[in-house]
Each structure stands twice: as C-alpha cells, then as structure tokens.
Amino acid sequence: MTLFGERVPRVEDARLVTGEGRFLDDLGQDALEAAFVRSPHAHARIVDIDVTDALDVEGLVAIYTHEDLEGRAAEPLPLLIPHPTLTHGRTPYALAKDEVNHVGEAVVMVVAGDRYAAEDVCDRIRVDYHLLPPVVGIEASRGGGRLVHDDVPGNVAAVMVQETGDADAAVDAAPRSLELDLAIERSASTPLEGKGVVARWDADDRSLLVHTSTQTSTSVRQAIAAKLELPVDRVEVVTPDVGGGFGVKIVHPWPEEVLVPWAARRLGRPVKWTEDRREHFVSSAHERGQLHHVRVGYDDGGRLLGLSVRFWHDNGAYTPYGLIVPIITSTQLLGPYKVGAYRVEFTSLYTNTVMVTPYRGAGRPQGCFVMERVMDAIAADLHLDRTVVRERNFIQADEMPYDQGLVFQDGRPLIYDSGDFPATMARLKDLVGWDDFPAFRDRARAEGRRVGIGLACYVEGTGVGPYEGGHIRVETDGTVVVSTGLTSQGQGHQTMLAQIVADELGVPFERIRVTTGDTRRFKYAVGTFASRTAVMSGSAVALTARLVREKALGIAAQALEADPGDLEIVDGHVRVKGAGGGTVSQVDLGAVAVLANPLRYAFDEAAGRATQFAAPADPDVAPVGPGEAPGLEATGYYSPTRSTFANGMHAVVVETDPDTAEVRILRYCVVHDCGTIINPMVVEGQIHGGVAQGVGGALYERIEYDSDGQLLNASFMDFLMPYATEVPTVEIDHLVTPSPLNPLGVKGAGEAGVIPGSAAIAAAIEDAEGITLTRMPISPSELFHLRKERLVEPVETTEGHT
Amino acid sequence: MKISGTSHLTPAPTVVFRALSDPAVLVRTIPGCRRLEALGEDTYAMTLAVGVGSIKGVYDGHVRLTDQQEPVAFRMHTDGAGAAGTISADVLVTLRDAEGGGTALAYDADASVGGTIGGVGQRMLVGVSKRMAAEFFRNVEAVLAGAPADLPDGAGASKPSGRASPGLPPYPSTAAPVPSVRSSVASPGAVYTPPPKGRGREGSTFARGVAAGAAAALAGALVGAWVSRLAQGREARRG
C-alpha cells in the first residue's frame with residue numbers, strides 16, 4: 001500500500017504533545033546566560049556607557065560593547081541578499097557602534113551566572129545618548145526631511161521598476177479607469193517561541209557547537225565561521241525543536257548568533273541566550289507595512305487593459321534581507337490574472353523602526369489585497385458580480401505554462417507552471433454557495449442583521465531554489481536513516497519525508513528516522529522558507545531513495561542470484577517479483593546493508609556474514625569495485641529551473657454588529673491547489689494555521705509605533721493574536737494540478753492560508769456595510785468611525801462653510 | 001587600553017606626595033593591599049586581595065618608578081603575570097596645586113592585558129580600575145585628615161564599611177616626618193603589612209611610595225580582573 005497521499009498521523013506529535021520536545025531553552029542548563037542592554041530611543045548617538053554601578057552584581061562575568069569586538073565580528077552584519085537596485089543597503093553591527101537606529105537595538109551584552117543576574121547588571125548600566133530626530137512611518141520617511149542614515153539621501157534604499165508594455169498609456173487609453181490608494185499596516189511573525197542560541201566552545205578541538213532556533217542551520221554555520229574567522233569545519237549548528245518561525249527566523253546571523261558563540265569562545269565556557277517576548281517585538285523583525293497607489297484601465301466588460309502600481313515599502317532601519325518582500329509584492333500582485341500592460345514601481349524606505357523581513361506570505365498578502373481591491377472596485381463600477389470580473393481576467397488552463405513577463409524573487413522568469421483558475425473558482429462558488437448568498441443576506445436583513453460575503457484569489461510562487469539535498473542510509477538492522485539540511489518548525493517534515501521514502505524505497509514507515517537542520521548530519525542546504533520543503537527536500541529525498549533502491553537491488557541480485565530487473569522491494573524485503581514471501585527468494589534490507597559493507601571483523605552476528613570467509617567470493621573481483629562505495633546509502637540533490645506556482649481562492653462570510661461594529665466570521669471557505677498532495681492532513685493543518693494568521697492580519701494584529709518610534713504594543717497583552725475563539729472553522733476543498741517541474745508533482749502549501757485573508761475579509765465587511773475599505777487591518781472602533789464619517793459627512797461640509 | 005582619572009585631595013601637593021610616599025600609609029590605603037616589600041631602589045613587590053563584584057582573588061605584582069619630578073609628577077611601570085594572563089601598565093601621575101587649595105591629582109595609564117584576563121570586557125576592566133583608584137585616593141585623604149584609613153577588601157564603594165579598620169594615629173600633615181625605628185625602609189627587604197595595631201608612618205623616599213601606591217591601585221584592579229575568572233570558575237563548579 002502506498003503512503004503518498006494518505007492522512008498519515010504526524011510522528012512528531014506524540015513527542016511534542018507529551019512534553020518530550022527539546023526546544024532551545026531546554027538546552028544549555030549548565031551555560032552562562034546573556035542579556036542585552038537595548039536602546040530605549042529610536043534614533044540616537046551613543047555618548048557614553050558607564051558600567052560602574054553594575055560591577056557589584058553577584059554572578060557578573062562579563063560586559064561587552066562594540067569596542068570589545070575584533071576583526072570581522074566588529075564589522076556590520078552581512079547583507080544576505082544583494083540586488084543591483086539595492087543601491088543603499090545598510091545592515092546593523094552585532095552591537096551598536098556610535099549610533100542606534102531603532103528602539104531595541106542591542107548596545108551592551110552582559111554575561112552572568114544566570115539570566116536574573118544578567119538582567120540586574122543591564123539595569124545598572126548607564127548609557128548616555130544624544131537624541132537624533134526619529135523617522136517613523138512611510139509618510140515621514142518619503143518626505144526625506146529627516147534622515148535615518150546620514151549617507152542615504154531621501155531614506156531611499158532602492159527604487160525598482162518592472163513593466164510589460166506601456167501600462168500608463170494603456171490606462172489612459174482604456175474606456176474606463178480607476179485610481180485607488182491602499183494601505184496595509186505593519187505586523188510581525190510573533191512565533192510563540194522567540195529566538196535563542198546556546199554555544200559551546202571546545203578549546204582542545206578549537207571547535208564550536210551552536211544550537212539556535214533558526215530556519216537555516218547550514219547558513220548560520222557559514223555566517224558564524226565567517227564572523228568568528230574560524231574554518232567552517234570547526235563549526236556545527238544544530239536546530240532543535242522550533243516553536244514557530246513564520247519567516248522571522250530565516251534572517252541570520254542575528255546579532256546574538258554571532259555574539260553568543262563569540263563570548264563562549266572568549267570565556268571558554270558555554271553561553272546561552274533566550275529571547276524574551278519584549279525583545280522579540282523590539283529587536284527581531286516586522287513586515288507588511290506598505291502604501292500603494294494604483295491606476296487601472298479596463299473595458300466595459302471589466303477586462304483589464306493596463307495596471308500601473310506605485311508603492312512605498314517601509315523596510316525599517318536596515319536591509320539585511322535585501323528587497324525580497326517588495327519584489328514578491330510587485331510580482332505576486334498579479335495573482336491569477338492577465339492584467340494587460342503592467343508597470344510596478346516600488347520605493348523601499350528606511351525608518352527608525354525594527355527592520356522588515358519576510359513574514360509568512362512575504363509581501364503576498366499586500367499584493368493580493370491590492371489586486372483584489374481593484375477587482376472589487378471594477379465590479380462595483382460596472383455593477384458586475386465580483387466573481388464574473390475575476391473570471392473574465394483569469395489565465396486559462398490551456399494557457400499554462402503562462403509567462404507573466406517579469407523576474408521573480410529567485411531571479412528566474414515569473415512563469416506559472418500549472419493551475420486551473422476557472423475550475424478553482426467554480427469549486428469555491430459551490431463550496432460557499434456564492435449564488436445563494438443574496439437570499440441569505442435578505443433573510444438576515446429582515447432580522448436586522450448585517451452580513452456580507454467576500455472572496456480573494458492568489459497565486460503563490462513556492463519551492464524557490466537553488467537546491468536541497470538528502471542523505472539516506474539503511475542500517476544493518478533495517479532502520480532507514482534520512483537526513484536533509486533544511487530545518488523544521490513544526491510543519492510535519494519528519495512525517496511527510498518518511499512517507500516519500502517509505503514509498504520510494506519500499507520500507508515500512510515505522511522503520512524510517514528523519515533528521516532535519518543538523519549540520520553534523522547534512523551540510524548542504526538553503527533553508528526553510530517560501531513554502532519549499534515538500535518541493536525541494538521532498539524531491540531530493542525521493543531521488544536519493546531511488547539511488548539507494550538501485551544499489552540495494554544490485555547487491556540483492558548477487559545474493560539471490562537473480563537479475564536486478566526481476567526484483568522488487570516490498571515491506572523492507574528485496575524479493576523476486578511475484579515470488580511471494582519465501583525465505584529462499586527474498587532478503588531483508590538490513591541483510592543487504594550488511595553485504596553492502598565488506599568486513600574483516602565481525603563485531604556482531606550480522607556483521608559476520610560480510611567477513612572474508614563467510615561466503616565464497618570471486619578471487620579476481622575487488623570486494624568494493626570501481627565507482628562503488630561501501631554501505632547501503634546515497635546522497636542526492638534536487639535543483640529546479642524555477643519556482644512552482646500554487647494557487648487558491650478564499651471566500652468569507654461575515655456578520656457585523658450594528659451597534660458595536662464587531663466583526664464575526666460566519667464561514668471561511670478555502671479552495672486550494674498545491675499540486676499533488678503528500679499528506680492531506682498536514683496540508684490542511686498548514687492551511688488552518690495560515691488562515692488563523694490571515695484572520696489575525698485582517699482584524700487584530702498590527703505593530704503600533706508612536707511618532708517617536710516607541711513601540712506601543714510590544715506584548716501579547718496589547719498585540720492581539722487570534723485565539724481559537726476568533727478562528728473560524730475552515731472549510732477546505734482541494735484541486736490538484738500537479739507541477740511539471742519536480743518528480744513528485746508537488747507545490748508548496750506552507751504560506752498559502754495567510755495570503756488572501758485581509759483581501760477576502762475586507763471585501764466581506766465592505767459587502768455587509770456598504771463602506772469602501774482601503775486599509776487593513778480594521779478594528780471594530782475603526783469600522784465604527786467609518787460608519788460615523790459616512791453619516792455625518794454632509795453635516796461636516798455645511799459646518800465647514802459657515 | 002587607556003585608563004585615566006583625576007582626584008582632588010585637600011592637602012597641598014607636597015603633603016600629598018609625602019603621604020603617598022609612605023609605605024606604611026600605602027599598605028593601609030591601597031584597596032586590598034596585604035603586603036608591600038621594598039625590593040630595591042624604586043622597586044616594590046606587593047600582594048593584593050581584590051574583590052569587586054565578580055572580580056575576586058589574590059595577586060602578586062611588581063612596580064618600578066621612573067622620571068620622578070618631585071613633587072609634581074612621576075612615571076610608574078607595573079607588570080604582573082599569572083596563569084590567566086599577563087598585565088603591564090605605564091602610568092603617569094601628576095600633582096598640581098588645585099584652584100581653591102589642595103591637590104589636583106591626575107593619572108593617565110596605558111595598560112595592555114594579555115590572555116583570558118581580557119575576556120571580561122574593557123568596560124569592566126576600566127570600571128574596576130577607576131573605582132579602586134578612587135577608593136585608594138579616598139583612603140589617602142582620610143589618613144591625611146587624621147581619620148583611620150578604611151581598609152575594605154578591595155570591595156570599594158560597594159562595601160563602604162567593609163571591615164573594621166585598624167586605627168591610625170592622627171597624621172601630622174604639617175609636621176616634619178618623625179624618623180621611625182625602622183628607618184632602613186629604603187633598603188631592600190623592608191616589609192610592610194597592615195598593622196593589627198596601627199603604627200605610625202615610616203620614613204622613606206617619595207618615589208617608592210608613590211610608585212607603589214598608584215601602581216597598587218591600578219595593577220590591583222587589572223589583576224583583579226583576571227583572577228576574577230578563577231573566582232567565576234569556582235562559582236560555576238559550586239553551581
């Protein structure tokens with residue numbers, strides 16, 4: 001029986017739900033602990049740092065400032081993703097040097113016997129600042145009056161333009177046109193487990209073992225080796241269980257990922273740092289904040305003729321992750337549509353706020369919000385059904401693969417590999433009962449209730465390259481050990497990858513052990529982001545399993561004196577096809593693994609079968625032939641020419657309270673196409689989580705800075721995350737259009753659920769209230785005031801004239 | 001590593017110079033000083049118990065003086081070596097009449113620290129050094145004012161009344177030095193320890209005393225920094 005496509009229960013869960021997980025803070029119980037003095041100001045010059053009052057704290061071990069750093073550790077952190085248009089990229093120092101550019105920037109590192117002592121020391125260190133004028137928000141930044149970095153004119157990190165055809169001319173020439181100003185506010189990944197690092201320096205071995213809560217252990221390893229000027233083979237990085245990443249943990253090296261290993265080496269003792277919640281809010285990364293100005297031209301049937309988008313992206317104080325977020329927004333904005341001539345120009349702006357890097361969805365929720373607001377505006381203008389306008393602009397299934405004529409975030413052409421958007425829409429209308437909704441609305445109105453429906457469509461580039469790999473070894477007891485270099489944050493990789501190997505190799509699921517994110521086990525990988533694990537590591541372990549299978553058949557063929565072509569592997573046994581389970585005609589993979597490793601010494605009974613006198617062998621044939629290697633194992637890699645594009649459509653039914661303006665989600669329907677599905681339960685779990693964050697992004701989550709750059713809601717008391725009480729039951733239907741780009745036909749599913757949340761919910765609220773929404777998220781009080789504005793508008797104007 | 005600071009003392013430079021020159025006073029006023037021995041011309045050996053915050057331990061060091069310009073300046077060289085690292089420091093100490101009376105003393109040190117002693121961070125080393133220097137001059141001031149010198153265990157301001165201080169007889173800051181029975185102090189081998197029962201000052205040349213005093217305050221701090229690692233090691237093993 002094949003496991004591919006089955007709802008196999010996650011092997012991770014028994015361990016995780018019974019408290020057997022090993023997260024970063026569970027490690028390093030013997031380590032010294034670090035805490036940081038962070039800037040309380042958004043923009044300031046450091047005048048003096050006085051530690052005198054801190055010296056008496058019992059347990060104090062060391063106090064470090066930038067002047068203690070040497071060599072490359074004292075240089076700015078790397079600009080991870082350079083881009084030709086990123087003309088003014090800036091990155092921070094591990095510890096602030098001379099100037100701080102956002103509240104929370106690390107200024108002093110304290111190491112003490114425990115975190116309590118370290119925090120006490122931090123409290124007693126006095127840092128004198130000379131305050132500089134802060135630049136907060138896109139409007140303040142694009143004015144250019146105040147500068148974040150003195151050497152960055154106009155606060156402009158980059159201006160990037162992509163176009164296909166003459167969009168502005170097309171808009172001007174179109175029979176009808178619209179202009180919209182749209183906004184998405186700042187939010188943040190806020191994983192329940194923050195960042196954390198434990199480092200052990202082995203002075204005898206001159207080597208580092210670092211555990212860090214990251215989405216890319218292999219790249220952190222390279223970064224630490226570079227910063228500490230160590231040979232890479234003296235550094236190993238292990239990712240333990242991770243309590244959520246959602247993008248923020250793909251950024252690296254964080255200052256702490258450099259400083260904690262650096263201090264461990266300098267002190268010759270293990271050092272540990274576990275981020276607390278406020279630290280995460282003020283010193284990690286945020287996302288989302290963008291302002292868009294859109295011009296669109298279309299015909300009387302609602303068909304797009306030209307789309308011209310100009311947007312401003314708040315990249316915060318630094319740009320270590322380059323322009324990935326705005327590039328994704330500018331390309332994925334197109335969704336499933338043919339927009340005619342397209343021009344997009346974005347300006348990436350510095351502000352004295354926490355830097356901006358990808359958060360689940362990575363720029364797509366903004367692009368989707370803009371495109372879908374445009375679609376709804378056109379429908380309203382033409383009094384057309386919102387699904388009709390969309391259907392008239394869909395790329396058709398027979399037009400696949402479809403080249404949008406742009407360059408995507410992987411530097412490759414934006415070519416949709418497959419998908420059937422009209423079919424997805426048809427399923428969504430059925431699932432939500434789109435055509436029956438007007439009747440439902442009328443009944444609700446009769447009861448004095450306000451209900452509305454909205455929908456949104458997206459296309460998501462997933463499985464970004466350049467590559468991932470896998471290593472598979474069959475042990476002599478038949479256990480199959482699988483490793484891949486990228487990391488897990490709870491997605492169920494161990495289960496999903498084991499399903500693939502079980503099928504490809506023909507071994508029982510229970511015999512498979514999967515390791516991820518441990519550079520001691522696998523050293524070449526990129527990381528877990530862009531919904532890429534199933535596509536990249538899934539394909540890599542599938543290809544690797546085929547290599548192992550080939551080798552197993554070759555060795556078993558000799559043992560069984562059969563032709564490899566006549567053999568099959570079933571339930572962990574190699575046997576002659578159709579010969580059934582007779583012991584003569586089959587050999588288990590463990591035995592094959594023994595034979596795969598010619599031995600001199602019999603360390604156990606099984607090994608005895610591989611020793612020189614165990615069986616007659618051709619004296620003229622080398623035990624390990626040319627091109628062969630001992631052991632039943634193989635390493636394989638998968639590298640795609642470009643990304644594969646998943647898609648989906650969400651429909652939401654909301655009810656708004658006529659008095660309190662509270663928004664309640666009555667139904668949330670998802671039609672989702674991520675190609676071939678490996679484990680529907682895992683995919684649906686990813687969709688549920690994504691929808692939850694989409695609901696949060698639409699109705700609750702926002703990062704609120706005041707004009708001085710102080711973060712006003714840096715706690716879970718004030719930063720609202722949806723609980724189970726706010727997350728609706730998610731109704732899901734799957735459409736499967738396999739990807740032609742990889743051996744499994746799969747596409748990514750990790751981020752999908754979050755992307756259309758704000759667009760669909762805004763549309764539903766608009767439908768219920770009859771008020772046009774142009775910015776998200778929206779709170780009950782904001783909706784309440786929008787209602788007020790609409791009611792009192794005429795009064796205001798008359799007053800204005802008196 | 002640059003360490004510099006100033007201190008104001010009530011008496012005039014000549015008096016301060018004289019006080020700083022007295023090994024018996026120094027052994028009472030140098031934070032944590034346990035033992036002071038004249039090894040030869042302008043050279044002292046000393047034993048310090050240092051304890052500031054996490055920086056605790058006992059240290060043996062040497063001090064040598066050059067460029068004496070009585071009573072306004074001298075240059076002092078100190079170095080020490082230990083399992084945890086090496087220290088050397090050149091310190092220029094200057095005294096001048098302060099406006100409104102008294103002495104304006106300034107010290108300007110260039111210290112280099114080798115080995116793991118440097119591991120605790122420059123700010124900590126500087127902070128501890130400055131505090132011990134300040135405490136040293138506070139103690140000297142107290143002695144000159146006739147008060148008993150406070151002899152904390154190098155604990156500095158953290159433990160202002162760290163331990164009972166052996167009383168000193170009032171120091172006649174204006175009177176001429178009274179030669180003591182052990183007037184052979186200048187000769188190598190003379191040993192000074194904080195007297196259980198306070199005794200009067202011993203005669204000596206300015207240079208040695210000043211050298212030892214300033215050196216002790218600084219070197220004590222520096223050395224304290226590296227012995228702190230040993231202390232931390234013990235704490236960790238206890239923990």
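A:R288 sits in the loop that runs between helix 7 (277–283) and strand 13 (290–298) of chain A, where helices (H or I, at least four residues) and strands (E, at least two) are DSSP runs numbered from the N terminus. Its phi is positive, about 85°, although A:R288 is not a glycine. A:R288 is also buried, with a relative accessible area of 6%; buried means under 20% relative accessible area, exposed over 50% and partly exposed in between (1.4 Å probe, protein chains only). The model is predicted, with pLDDT of at least 70 needed for local features and 80 or more for side-chain atom pairs, while totals for chains, interfaces and linings use all residues. Residues are numbered from 1 along each chain as its sequence is written, chains are lettered from A and ligands numbered from 1 in the order written, and side-chain values use heavy atoms, leaving out hydrogens and water.

A few other backbone features are worth a look in chain A. A:D98, in the loop between strand 3 (60–64) and strand 4 (99–100), has a positive phi of about 70° and is not a glycine. A cis peptide bond with omega of about -15° joins A:H252 and A:P253, and A:P253 belongs to the loop between strand 11 (235–238) and helix 6 (255–267). From A:G465 to A:P466 the peptide bond is cis, with omega near 0°; A:P466 is found between strand 18 (450–462) and strand 19 (468–474), in a loop.

Turning to the domains, an automatic or database assignment divides chain A into domain 1 (13–132 + 189–283), domain 2 (290–464 + 641–790) and domain 3 (468–638). In chain A, domain 1 contributes 34 residues and domain 2 contributes 31 residues to their contact, which means heavy atoms within 4.5 Å. These two domains bury about 2600 Å² between them, 66% of it on carbon and sulfur atoms; buried area is the accessible area (1.4 Å probe) that two parts lose on being put together, summed over both. On the side of domain 1, A:I81, A:F246 and A:F281 lose the most area to domain 2, together 23% of what that side buries. Across this interface the rule finds 0 salt bridges, a salt bridge being a side-chain nitrogen of Lys or Arg within 4 Å of a carboxyl oxygen of Asp or Glu.

Chain B has 4 helices and 8 strands, in the order β-α-α-β-β-β-β-β-β-α-β-α along the sequence. Of its 239 residues, 56% are buried.
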